[in-house]
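Visitor: I would like to learn how to read a sheet and the helices around it. Can we work through an example?

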Amino acid sequence: MSIRVNIANQVRQTTVLQWRPLLPLFEAVMNSFQAIKEANLSSGISGRITIEVVRSASELALDVQSIEGFRIIDNGVGLDDDNYDSFNTAFSPHKLNRGGKGLGRFTWLKAFAFARVTSTFKDEEGVLHTRSFVFDESYDVDDMRSLPKPAEQAAAGTTVELIDLKSDYRGQCPRTVEVLIQKLIEHFILVLLDKNCPEVWVVDLGLKHKLNDVFERDYKATASTHSFEIESFPFTLYGFRLPTSRATKHKLVYAADQRSVLSDRLADHLPNLAARIEGSDGKPFFYLGIIQGPYLTEHVNTNRTDFEFGNPDDAELELPLSEHMLIAKSEIRTAALAFVQEDLKDVLDVINAAKLEKIRRYVREEAPQYRILLRQADKFLGKLSPNPTRADMEAVLHRELFIRETELKRDSSRIIREAGKVTDYDTYHKQFTEFLERYNELGASALAQYVQHRRIIIDFLERTIRLPDDERKFPLEKVVHQLVYPMQQTSEEIPPSEQNLWLIDERLTFHSFISSDKRNNAMSVLESNDKQRGDIVIFDEKIIFSDERPNDEHPLSSIIVIEFKQPGRTKYSADENPVLQAAKVINAIRDGKYRHKGRAIPIANAEIPAQIFVIADLTPRLRQILKDFSATQTPDNQGYYGYHPNYRVYYEVMDYAKMLGDAKKRNRIFFDKLNLVDNR
């Protein structure tokens, strides 16, 4: 197909993605590499490519003018008749075996206004000729001006000028020659590895830079090579440590026929590579990995901007490769990442060691429930950035613990399932013992998490009690009430994890229904006109709260009432005895005034056990009331207790400080074992 067939439309369909202004340059330079290789230069004559940077003449006032064009000069074979015919044919197969798709020149016109080509070549008799032409959207292959003329040059070679970079792309073109050199090396790094690679020079602002020397010094010196296979297709990974002056991030590049096509940010898959890293010599660097192989060369798209990859889900279909012949990009990347980590092992070990110490400190001081994960820290260390925050560590550790729980549940189901089929008891016993050991570790983790929760609650309560009244935003009574058990709630509305009745008494943790700060006639499970209210009412009988209607076989068997009084309260009238107030609530319930779903709640008997807890500041007035009530003082002088025969209730009155102190004593052994004791 002649190139003049709708050339403008072909340019519009050409995609320029990565470093858009540079892709046309890359195509022109690759043509030069191929032309030099095809020239088969005589011994003693080196291939040479010169890339001259053309800067804007209208920006002379600026320190560094923007790039508006390039001039690429080589001493290759030139545009002889075969190469010229290929140039004039869209989708030419002439360079197919070298990765060419016959569309590279269209990218010139995508980013530049036009290109000027001057090429000297030898005809079949060995006579040198030169042809010159302008390549733009109105290019005509039959233009007589493009016919070859006798050459004035003494050797073959081609000059391609990419002229007038379009405004849409000028802002994306690098301004400095250092960045330009970096991009050229990264794109042609596999070509530069070839021992027969031509000399490549970049000329800018009167200064010459030899790419080969920069490559040898800053790239090749630290290069590594790894080979691997996927579905019998061979791949090669080349790894490079790039100086930070010539790179800005760690990348994994996918290449076709010695040319970079697309790349992945390594930080997206290896969080340790989120920033520059330092080698053993203390010098910072970025890692560049380049993958190439026949599969990539055969499956690159026509514009060399992407590959035809398989869907990762195809692997689940278990189809023979011959049926879909596509490899998922993730498969290639996963295989390559293993070698990337091998290349960087010396550096990553140092990073991981520092992370592990930070995680150990976090687990030791704040999250003991994750202690069981530390023995297999290598499974998750790589998922954290080099400097993880507390939130980062918590997220990763929580997920790892969840994975461990899921695996154990799966294993337990398998062991139970296989138990009936077991013939070798010793093997089964060994598997079960190993499983039990891991399961016990998980149980210990859950217990540690619960103990840590208690430590936080006690610490918060202590800080609240110590806080001066003028600095406390809410009355201490409400704060403590909310902390012990959320106000205006019942156990039907909140999970057990959100109540902390153990602060008062460990036995209170085990209950079946609680009404917190609700009038008795407002309880969802009770129907009554009684306006008496206990701060917290506990019924130790599960059946009355089930979907089934209570019956005489399952009567109410016990009641507990907890009452909070305002801290610092000094005035109590004669009828404001908190014990008696709570006792009246209990008696009203005992009298059977309450109904459940329209039916009177059965009471085991009028003597069902009842317990009262009063939490209050033991001011002189309250102490006097309790003494008149014949309450017995505790040995530490921070509380009172007793039994009221008329109301048939046991009661205990404790100071806020006593509640806190007793809770700390009961839990101290657990805190000590988990290194959670606060020694302030």
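Visitor: Which residue stands opposite Arg71 in β2?

Guide: Keep in mind that this is a predicted model. Strands of a sheet pair through backbone hydrogen bonds, either parallel or antiparallel. Here, Glu52 stands opposite Arg71 of β2. The strands involved are β1 (residues 48-55) and β2 (residues 67-74). They pair in the antiparallel sense, over seven bridges.

Visitor: In what order do the strands of the sheet run?

Guide: The order is β5-β4-β3-β6-β2-β1-β7-β8. These eight strands form an open sheet with mixed pairing.

Visitor: Which strands does helix α2 touch?

Guide: Helix α2 (residues 22-39) packs on the sheet and touches β1, β2, β3 (112-122), β6 (157-165) and β7 (199-204). The direction of α2 makes about 5 degrees with that of β2. Helix α6 (residues 177-187) also packs on the sheet, touching β1, β2, β7 and β8. The direction of α6 makes about 155 degrees with that of β7.

Visitor: How do α6 and α8 pack?

Guide: Two packed helices are described by the angle between their axes and the distance between the axes. For α6 and helix α8 (residues 211-218), the angle is about 75 degrees and the axes are 11 Å apart. Therefore α6 is roughly perpendicular to α8.

Visitor: Which residues of α6 and α8 meet?

Guide: From α6 come Ile181, Leu184 and Ile185. They meet Leu211, Val214 and Phe215 of α8. The contact of α6 with α8 has six nonpolar residues, no polar and no charged.

Definitions and conventions:
Residues numbered from 1 in each chain as written. Predicted model: local features only at pLDDT ≥ 70, side-chain atom pairs only at ≥ 80, totals over all residues. Heavy atoms only, no water. Pairing = 2+ DSSP bridges. Helix = DSSP H or I, 4+ residues; strand = E, 2+ residues; numbered from the N terminus. Contact = heavy atoms within 4.5 Å. Axes fitted to C-alpha atoms, helices over the stretch in contact; angles between N-to-C directions. Parallel < 35°, antiparallel > 145°, perpendicular 65-115°, else oblique. Nonpolar A, V, L, I, M, F, W, Y, C, P; charged D, E, K, R; others polar.
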